[in-house]
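I opened the model and went through it piece by piece. My notes follow in the order I made them.

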Amino acid sequence: MLPQPVPSGESRRETGLAPPQPAGDRWRHALRFFASYWTSKDWKVAWGYLLVLVAFQFSGAYVFVLMNRWQQRFFNSVEAREVAAFGGLVAAYISILALQMVFVVVEPLVKRLLCIRWRVYLTQTYVDRWLGRNRYAEIERLRMIDNPDQRIADDLRYITDPELGSMVILLDALSALVMVWATVAILLETAPPITLALFGTAISIPGSTIWYAVAYVLVSSVVMVLLGKPYIRSMMRWQHREADFRSNLVHVRRNAAQIGMANAVQIERGSLRINVENIRQSWRSVIRAQIGLNMANGLYDRLGSIIPLFILVPRYFAGAISFGQVMGGRDAFSALVPQLGFFVHFYPRMATQISYINRIKALDDAIDYERPAGITATIGTPAGVAVAVTGLTVRRPHGEPLVILGDWQVRDGERWVIRGPSGAGKSTLLRTIAGLWPDGEGQVALADRSTAMFVPQRLYLPLGTLKAAICFPDAPEDHDDSAIAALLDMVHLSHLADDMHALRMWSEELSPGEQQRVALMRILLQKPSLLILDEATSALDPANTQHFHQLLEAQLPGITLISVVHDERLHRYHDHALVIADGRTSAGPIEEIA
Ligand SMILES: Nc1ncnc2c1ncn2[C@@H]1O[C@H](COP(=O)(O)OP(=O)(O)OP(=O)(O)O)[C@@H](O)[C@H]1O
């Protein structure tokens, strides 16, 4: 069975070069994404905070109505010169103001508390899922999406932002609904009816201002949706370019020494310039797309405060309503229009959020993608066999065969060398044995995974002390300092003994050859029964390379060894050979294999 094609095109989608995913899929994903926190084990606190926030939206509308009524009373009493009522009105104002202050202080606080909990939950969940089932490695191996790290760190932060995030937009929507209800009630008291003559009958529709507001908002919404589409596209492209720039900067920082040695500063500067130029260009298209949106928003706000006066003042002139009602009506209309036009007003915010959620969807798709494992990795072999391979063909991700191995067995205590030209598939075969390469067909069985150890060319050094790096995966406390000092001496690194507990960037400080000797120390500490080495001495000088293998032989005499080595002088430390040439393999005792 050939592996299925790798899902691709996400980057093309995100840069706007390919059409977006179907809307139905995106909606379903967004629903699942939002529901996840509110049904998580933190649900009690989450819903508690949310209910408080919802209650705030309702009481906010109530305070708005109080303030509006107060305004009507105030202007009417000023117009009627009711001096005696002035003190009472000021006192009433102070009480309403005090209420408003409670909202101003407490509401943002609750919002922030909820948003940080939500962010922590989402971030932990995504980190776990990304690291689970080897997805982080598989996503990189197949280059499924770019910058999953930034999606987790940044996009989730923007979605849960307490000022501009998705939940705040939804709360604003609720607040808009409640306010619409409150302002409609006020406008019904002040707005003149619309009178129409239909087939000779006079029809009177109450609350003309409301209908004008609805028509006003509907027309603006259509305009905004049309203007917003290119805005979403350009925002996504811009985010993508920003992420590329950040990851290139990290790349330069990580490879600082190599770049210096290779005199590649010009090249890196050029590529960073291209990144910045790409940002500039995509930002320009964001700005262009924003011009129309800003203009429409500006007109929308300004006209919204003047139109009600044009409608209500003639009625005041006709003596049908009081001056207080004109001011109250204008206030309610001005409140109604932005609330009704929530979608209009917040479209740019929603558009940005949609693009973040789409990036998270791409991450979810990559994490959830189940690539049928053509090669099965199992535990359990016949007695005396350390590795049993059956019917194995290793393929490249897109299906072409890389190594056709068929059946192969490594018996306990055998020492195999894997040979072949560069690019033949030696490292990939080792990854397959480790169960990290699923593309192809056949079966790989290990006698015991827990006593097998894989040592790649570049060692993984965790952040922490040198002792922690040497003891990994054991905890540093599991081994005495004196034992580690003796090992350092054994591998000719005794000068590092005093720095054993120093917290430094060891992966950047130790030379590749020193790191390979740290790997040797790990081997001697862990004493694996099966050791798989991928050019594990490539950075060592000949004397240290000999020493590496001699130490292995002396300290771990019965070990089963599979190693990829280019240096023919090292073949004598092995008794069997597997040679890969043009995808075909030949295997057997070393003296029989040419
Ligand atoms: N993640 C990947 N996606 C696509 N192709 C890959 C991937 N990893 C390895 N390959 C390809 O598989 C082939 C074999 O690579 P591999 O690293 O196994 O070779 P090798 O024999 O170990 O080479 P060398 O001796 O130079 O280390 C190469 O052509 C490489 O480009």
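**Helix H3**

I began with the buried residues of H3, which are Phe 56, Ala 61, Phe 64, Asn 68 and Gln 72. Buried here means that 20 or more other C-beta atoms lie within 10 Å of a residue's own; 12 or fewer is exposed, anything in between is partly exposed, and C-beta atoms are placed from the backbone. This is a predicted model: local features need pLDDT of at least 70, side-chain atom pairs count only at pLDDT 80 or more, and totals for chains, interfaces and linings use all residues. Residues are numbered from 1 along each chain as its sequence is written.

I then took the length of H3. Helices (H or I, at least four residues) and strands (E, at least two) are DSSP runs, numbered from the N terminus. Arg 81 follows H3 and has a positive phi, near 50 degrees.

**Annotated segments**

I looked up the UniProt record, an unreviewed entry. Its annotation "transmembrane region" covers residues 46-65, 85-110, 167-188 and 208-227. UniProt positions are in the numbering used here, feature names are shortened, and annotations may be inferred rather than shown by experiment. I checked two of these segments. Residues 46-65 are 100% helix and 0% strand, with end C-alpha atoms 29 Å apart. Residues 85-110 are also 100% helix and 0% strand, with ends 38 Å apart.

**Ligand shell**

Which helix gives the most to the shell around the ligand? I found H14 (residues 426-433), with three residues. The residues around the ligand include Arg 141, Arg 396, Pro 397, Lys 426, Ser 427 and Thr 428. A residue is near the molecule if its C-beta atom, placed from the backbone, lies within 6 Å of it. By type, I get three nonpolar, six polar and three charged. Ala, Val, Leu, Ile, Met, Phe, Trp, Tyr, Cys and Pro count as nonpolar, Asp, Glu, Lys and Arg as charged, and the others, Gly among them, as polar.

**Helix H18**

H18 (residues 512-526) has 15 residues and reaches 21 Å, close to the 21 Å expected. Its buried residues are Gln 516, Arg 517, Val 518, Ala 519, Leu 520, Met 521, Arg 522 and Ile 523. What covers them includes S8 (452-455), H15 (466-471), H16 (481-490), S11 (530-534) and H19 (542-555). Lys 527 comes after H18, with a positive phi near 50 degrees.

**Loops and hairpin**

Between H15 and H16 I found Pro 473 in the loop. A cis peptide bond joins Phe 472 and Pro 473, with omega about 5 degrees. His 492 is not a glycine, yet its phi is positive, about 65 degrees. His 492 counts as exposed because it has 12 C-beta neighbours inside 10 Å.

S13 (residues 576-581) and S14 (residues 584-589) run antiparallel, joined by six bridges; strands pair if DSSP finds at least two bridges between them. Leu 578 stands opposite Ala 587. Two residues lie between the strands of this hairpin, and Asp 582 takes a positive phi near 50 degrees. Asp 582 is exposed, with 9 other C-beta atoms within 10 Å.

Methods. Expected span 1.5 Å × (residues − 1). Contact = placed C-beta atoms within 7 Å.
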